[in-house]
Amino acid sequence: MREGGRKLRRLGIAAALLLSASVTARGQTGMACGTPTALDDGWTIASPESVGLDGARLCTIAARLKETQANVHAVVIVRHGKLAFEQYFAGYDESWGQGGGQHAFDATTRHDMRSASKSVISLLVGIAIDRKLIASADEPVVKFYPEYSDLKSPGWDHVTLRHLLTMSSGMQWDENRAWNDPKNDEPHLSSEAEPIRYILSKPIVKPPDNVWTYNGGGTDLLGNILERVAGKPLQAFAREALFGPIGITDLEWKNYPKNGKVASAVGLRMRPRDAARIGQLVLNRGAWDGKTIVSPGWIEQSVRPRFQAIGYFSGLFFYGQQWWMGRSIALETEVKWIAAMGLGGQRLFIVPDRHLVVMTTSGLYWQPGQGNGALDMMANYILPAVRDSKNKEKP
């Protein structure tokens, strides 16, 4: 009886562990862990296994995020153009220019994209060039600002839109200071009554196309130029030229609270699963449902590494035209990716070799280790979950 009792107890413990694993891997509705919500928003929903992903491995992400206190709010995974995994978590968040607090998140909740907005600006510049609203990325910036000719200092004649896109204008600019430091240029974009005048008044201290310096002011110039050539507000142009054609309707492009000017470099808010559409568009080389939204040549230019991003993320990543490039090591294999990145841990990864798009949001504003949770997920959970080889990838 004692031996039989021990066996029964062991069986009971095993059953309890299986039940616990089942509960962990399933939501309260009984749906499999990470099953995307059906919103009738154009996404085709698939199971992880049907697109070559290990669903069980993906279901361990939540425990890892809790263990590392990553304050991740959303994990959205798209494979072969299908929405295959989606999880949301409550946590601390703050809307740009406003206070913070605890928030619940789900598939319908917008989230700040912060500087991931810059990558969207790059796409919009490409569209404006495709439409011949702008002749080329090599147009001089001063051409668009004849009314500010009195500000023009030596060197500005040689600064082009491409230099703004690659953050290599040579402009004197510093965002690597405390927010309340008057020498931090970024707060001036909100506090100055005429932020464009402030940007154009900055001296050119290095030859363009030589040194990379992170510069949100350059992106705000690009956003303002888009408004000028399109003859409409940035958000209206973005909705008509980009967001609408790929099915994004629930979004906001915020203004700076002090001067009311559009925050081109940081102000975009959208649902994470909609941000994943931006990634899918880039993965598709600018096409959506068989229609070209932005030319494949522009995508190729934008995601080509041009500079080592010294000073940001320990200089490990490369920079193109408002897009980041980096790599992960997964199962002893180097995997290259393209990314849009924003303060707090907002990360949109595009992995061409795996036909994979991953969007994560987070609330680690002004804290060290931003984005580490996303990199951890990519290297140890998401990329290892890919079960089919890249040679079998679908186009």
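**Exercise 1. Which residues does N215 touch, not counting residues up to four places away in sequence?**

The model is a predicted one, in which local features need pLDDT of at least 70 and side-chain atom pairs count only at pLDDT 80 or more, while totals for chains, interfaces and linings use all residues. Residues are numbered from 1 along each chain as its sequence is written, and side-chain values use heavy atoms, with hydrogens and water left out.

Solution. Begin with the location: N215 lies in the loop between helix 7 (195–200) and helix 8, where helices (H or I, at least four residues) and strands (E, at least two) are DSSP runs numbered from the N terminus. Next, apply the contact criterion, which is heavy atoms within 4.5 Å; with residues up to four places away in sequence not counted, N215 touches M167, S169, M171, W173 and E175. Then consider accessibility, for which buried means under 20% relative accessible area, exposed over 50% and partly exposed in between (1.4 Å probe, protein chains only); N215 has a relative accessible area of 4%, and therefore it is buried. Finally, look at the polar atoms: the side chain of N215 reaches the backbone nitrogen of G217 at 2.8 Å, and a polar atom of that side chain also lies 2.8 Å from the backbone nitrogen of G218.

**Exercise 2. Describe the setting of N224 and find the side chain with which its own side chain makes a polar contact.**

Solution. N224 is found in helix 8 (residues 216–230), and its relative accessibility is 17%, so it counts as buried. A polar contact is a pair of N or O atoms within 3.5 Å; within protein, one must be able to donate a hydrogen and the other to accept it, and residues adjacent in sequence count only if both atoms are side-chain atoms. By this criterion the side chain of N224 is joined to that of R228 by a polar contact of 2.8 Å. Leaving aside neighbours within four places in sequence, N224 is in contact with Y145, I196 and S264.

**Exercise 3. Characterise the packing of helix 4 against helix 9.**

Solution. Two packed helices are described by the angle between their axes and the distance between the axes. Axes are lines fitted to C-alpha atoms, for helices over the stretch in contact, and angles run from 0 to 180 degrees between N-to-C directions. The axes of helix 4 (residues 117–130) and helix 9 (residues 234–243) come within 10 Å and cross at roughly 75 degrees. Helix 4 is therefore roughly perpendicular to helix 9, given that angles under 35 degrees count as roughly parallel, over 145 as roughly antiparallel, 65 to 115 as roughly perpendicular and the rest as oblique. On the side of helix 4 the contact is made by V120, I121, L123, L124, I127 and A128, and on the side of helix 9 by L234, F237, A238, A241, L242 and F243.

**Exercise 4. Compare the backbone phi and the exposure of R114 with those of E332.**

Solution. Most residues other than glycine have a negative phi. R114, although not a glycine, has a positive phi of about 50 degrees, and E332, also not a glycine, has a positive phi of about 65 degrees. R114 is found in the loop between strand 5 (111–112) and helix 4, whereas E332 is found in the loop between strand 12 (324–330) and strand 13 (333–342). At 3% relative accessibility, R114 counts as buried, while E332 is exposed, with a relative accessible area of 81%.
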